[in-house]
Amino acid sequence: MHRVTALVRPPQSTFELACAAQVFGIERPVLPARYAFSVCTERPGPVATLAAYDMLVTDGLDALDRADTVIIPGWLPIDKPPSPAVLRALRRAHSRGARVVSICSGAFALAHAGLLDGRRATTHWAQADELAARFPNIQVDSDVLYVDHGDVATSAGAGAGFDLCIHLVRRDQGARYAAHIARTMVMPPHREGGQLQYSAPPHPTQIDDTLAPLLEWIAERLSETMTVETMAAHTGVSARTLTRRFVEQLGTSPGQWLLAQRVARAQDLLESTDLPLDAIARRVGLSSATNLRRRFLNVLGTTPGAYRRAFQATPR
């Protein structure tokens, strides 16, 4: 059982905490339980929240000494640094091998602890400049939804906390396990693009020209040859217009989105079937085992064979 502990402080944002609790703390009847979720705080007792109620937290900082993953679900106000006791607890957890994760403004706590020095990290786009100014040793990326270094991970704004948590589950337990959790939350198992697509008001045409029907049509035809021109013809627009809509609505190009869907489908088939790589490659539209291996390595940093060995035997 992987122990996940969230460290909260008053006034705690309930949404960021809920991101972690919903992914790691909910029992789902059709999935084997793999995580034990708990919450701790520096001074156990009532903890004020931004939602106009207090929550009772009974565990103190010593809970971090037992955690496999430590999550900082926001850190407000960002101009109030963690206490020396909190910093020691975070550094101690990291040094003994716990994975340390921040959601949104929680990156400021990790920055104060020195866990992001010399590393790439992210936070909410509206706070990225301040994080970069206050901690010049951090390579702040204001666009991405999350950054994962294995031992330390940071997410962008609050909603990106779900993206990061699902990503961590996918890394721990495989794509199928993570996808089931995402489905129960009525969320995509992976969002394309970065957070800057959400930092400005959406264009009015995005609602009328939603890509949802096209994306569903493509997902049912991954084994077929699919070009931007094919997609555009199905939608009745030019390739240039379609590409613009992808960037506006998904923050990525049609080709990159399509590749991500094909790799995700390949992950599922590697976990759930014994099909040879050539057969999987044809089913997902990647033509050959060689191309599947190359795309898999580029996107996931591992091989199809290694992925299958890691996750196919996982009980479901």
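Helix α5 is mostly covered, with 12 of its 14 residues buried; buried means under 20% relative accessible area, exposed over 50%, and partly exposed in between, with a 1.4 Å probe and protein chains only. The buried set includes Phe162, Leu164, Ile166, Leu168 and Val169, but also Asp163, His167 and Arg170. Helices here are DSSP runs of H or I of at least four residues, strands are runs of E of at least two, and both are numbered from the N terminus. The expected span is 1.5 Å times one less than the number of residues. Just after α5 comes Gly174, with a positive phi of about 105°.

The model is predicted: local features need pLDDT of at least 70, side-chain atom pairs count only at pLDDT 80 or more, and totals for chains, interfaces and linings use all residues. Residues are numbered from 1 along each chain as its sequence is written, and side-chain values use heavy atoms, with hydrogens and water left out.

Helix α10 (residues 239-250) can be read in the same way. Its 12 residues should span 16 Å at 1.5 Å a residue, and the end C-alpha atoms are 16 Å apart, which agrees. Among the buried residues of α10 are Leu242, Phe246 and Leu250, together with Arg245 and Glu248. Gly251 follows α10, and its phi is positive, near 70°.

Next come the backbone exceptions. Most residues other than glycine have a negative phi, and most peptide bonds are trans. Cys104 is not a glycine, yet its phi is positive at about 55°. Cys104 lies in the loop between β6 (99-103) and α3 (107-112), and it counts as buried because its relative accessibility is 6%. Ser287, also a residue other than glycine, has a positive phi near 70°. Its place is the loop between α12 (277-283) and α13 (289-300), and at 54% relative accessibility Ser287 counts as exposed.

The bond from Pro10 to Pro11 is cis, with omega near -10°, and Pro11 sits in the loop between β1 (2-8) and α1 (14-24). The bond from Leu76 to Pro77 is cis as well, with omega near -5°; Pro77 is in the loop between β5 (69-73) and α2 (84-95).

Strand β9 (residues 146-148) contains Tyr146. Tyr146 counts as buried, since its relative accessibility is 18%.

What does the chain look like as a whole? It has 14 helices and 10 strands. A compact globule of 316 residues would have a radius of gyration near 20 Å, and the chain has 21 Å, so it agrees with that expectation. This radius is taken over C-alpha atoms, and the globule rule is 2.2 Å times the number of residues to the power 0.38. Along its principal axes the C-alpha trace spans about 60 × 45 × 35 Å. Of the 316 residues, 48% count as buried. Among contacts with a separation of 6 or more, 66% join residues 24 or more positions apart, where contact means heavy atoms within 4.5 Å.
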